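This briefing is for a reader who is meeting the structure for the first time. Please keep the sequence and the model in view while reading.

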Number of protein chains: 2
Amino acid sequence: MTLHISADRLRAFVASAYRTVGISESDANRIAELQTEADLRGADGHGVFRLPQYIRRIKAGGVNVAPNIRIERQTAAMALVDGDNGMGHLVMRFAAQTAIAKARQSGLAWVGVRMSNHAGPASLYATMPLAEGMIGLYFAVGNANHLAPWGGIELLLSTNPIAVAVPAREEMPIVLDMATTTAAYGKVKTAAQRGEPMPPGWMIDFQGKPLTDPKRSDEGMLLPLGGMEAGFKGYGLSLVIGLLAGTLNQATMGREVIDFNKDEHSVTNTGHAIVAIDPAAFGDADRFKNEVDRLIRDIRSSKRLPGVERIWLPGEQSQTKRIERMKNGIPLPQPLLESLNRTGAELGIEPLA
Amino acid sequence: MTLHISADRLRAFVASAYRTVGISESDANRIAELQTEADLRGADGHGVFRLPQYIRRIKAGGVNVAPNIRIERQTAAMALVDGDNGMGHLVMRFAAQTAIAKARQSGLAWVGVRMSNHAGPASLYATMPLAEGMIGLYFAVGNANHLAPWGGIELLLSTNPIAVAVPAREEMPIVLDMATTTAAYGKVKTAAQRGEPMPPGWMIDFQGKPLTDPKRSDEGMLLPLGGMEAGFKGYGLSLVIGLLAGTLNQATMGREVIDFNKDEHSVTNTGHAIVAIDPAAFGDADRFKNEVDRLIRDIRSSKRLPGVERIWLPGEQSQTKRIERMKNGIPLPQPLLESLNRTGAELGIEPLA
């Protein structure tokens, strides 16, 4: 049994949950908007699925409900934002707006972020510059280490994601959003909640053997992108993204990273980075978007391997899903609905359904 | 039989080859410096291995031997460089210097490049900002399409590499340099020259079956990073790197890319991008480098999988190789030596050995 619920209804539920724990109405609305947007796009492991955990962390005092989010250092080309331990969604929204405003003047801007928290799917922020006709890039340090260095078994690295969003003219934008592991850890959590096994390439145990039971995920580690054959590349990507999003911004990285699934009290000092690039600084912006259209069409209409029905562009399935979910509602599997209603009951708000 | 030759001797041979085909002495020295550096670092598929091909292309009129490399557009944070169809090494050297100079003022700068050519290994340019204590990022459009969109068989994409170099304090810098395919095409060419088979994960044929004979590489395509399990991620990375390094800079991308292994006449209009980031803009630069040292040491000394002797940082093997090759010379396998001497004989210069 999977209930389908409208985005409006879900957004209202999420906003009232955050208001109840002391977040201002405008901030609660901003967080609810972004978390519901994650579900609309199909990022099921990163949307309202995380609400109970976020609320527990706020109640435990792990997150500042009234942060003074501010620019700490800046030039025309960059800024360092201090999130004052606020909800990651609020901090990253501020950082993206800062990057866009600077890029409008300088053609391009890079904003690093420290003292933030888990902010949901990477694509939420990489896509923000699209509304201004700009390209967005986003990097983050993941909020729990589930990855070891290549050849190692100590969990010193996270799924450190990268997202890149590129505007087109008539076509939907290209939106890449990927963990630097074969699978994101949110997918492991979703599989555990659904009681489904994992494919053999997602995780290995500390002897190097495949691990497929998501309930045993504590007994192993994620495989870096590239798998057994070229996983040194995924390891390298995770590491340099962590350096750019974490270390450069005086945020946590490596051994310091707080596992926010297990520790609800400690300040995570999560680091992110967002880059906004205005194609108009590099040439004619319309010509650029036309070229992106052409590339999308060339790829979509290109010859396929036997058995393949359609070639997808990065982000196309997610944007298709968004249209479908706006129309038919967001599916909430029974365990997720129960978990949300339990959180709602604890906060004294109306159940979702 | 593998001859070992000193970097000085190789550099002099390469420089005289370029002088003979009409490149100025100072430019010939710059190119020779970078191409020899590639071999010192162990990028065997991207160093002097390519000399005969570069010379053929110059003789065929495919490259401008006296380019007017210039900034076409700029702000304090970015520039678009037009390489005037010069050797990629010269164009990218100019672009990296431009990015470093701008980053010194703005904390960070992004330089896009058009009308360039193949420039050798990505790490050559990503590492240039290191001398100034800066982080370097480099992206490029590869010079031949050997990759299909995920699920497709048309070669619309290339191995589009990414390189990131991060300075440390006492430790060697971290230098990631990777193609977005499981293996770079240069490795396929090296395997073919050495008569060695490829591992099954490098290429597939147009029916989707593994292809292991490098001499049959025309009958298939490279697998994107992530392989059969998560290759949609490598496909996505290759695509967005191509958009940032190619399309954004009005350079070729997708169907337009010239296969420089087969076509020695057409202007390739190769695109690249380089980013220089000054850690001092984000905080105390020494603190940053100390943190990088700490991370490197944490990773190197972390627990290993059974059978693993050592955990390497990205770029560490390459830098270790450089020290060894500076001391003992650069190994030139017999087929490579013969190929270089053939080129030398055609140009009327002394054989290498």
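How many residues does the contact take from chain B and from chain A? The contact takes 62 residues from chain B and 62 residues from chain A, where two residues are in contact if their C-beta atoms, placed from the backbone, lie within 7 Å. This is a predicted model, in which local features need pLDDT of at least 70 and side-chain atom pairs count only at pLDDT 80 or more, while totals for chains, interfaces and linings use all residues. Residues are numbered from 1 along each chain as its sequence is written, and chains are lettered from A and ligands numbered from 1 in the order in which they are written.

- On the side of chain B that touches chain A, the elements giving two or more residues include β3 (78-82), β4 (108-116) and α8 (285-300) of chain B, but the largest share, 8 residues, comes from α7(B).
- Helices (H or I, at least four residues) and strands (E, at least two) are DSSP runs, numbered from the N terminus.
- The residues of this side of chain B divide into 34 nonpolar, 19 polar and 9 charged, with Ala, Val, Leu, Ile, Met, Phe, Trp, Tyr, Cys and Pro counted as nonpolar, Asp, Glu, Lys and Arg as charged, and the others, Gly among them, as polar.
- Because 100% of the interface residues of chain B are also interface residues in chain A, the copies meet through the same surface.

**Domains of chain A**

- Chain A is divided into domain 1 (1-59 + 315-353) and domain 2 (67-181 + 224-301), with bounds that come from an automatic or database domain assignment.
- The C-alpha centres of domain 1 of chain A and domain 2 of chain A lie 23 Å apart, and their contact takes 17 residues from domain 1 and 15 residues from domain 2.
- On the side of domain 1 of chain A that touches domain 2 of chain A, α2(A) gives the most, with 7 residues, and the residues of that side divide into 4 nonpolar, 6 polar and 7 charged.
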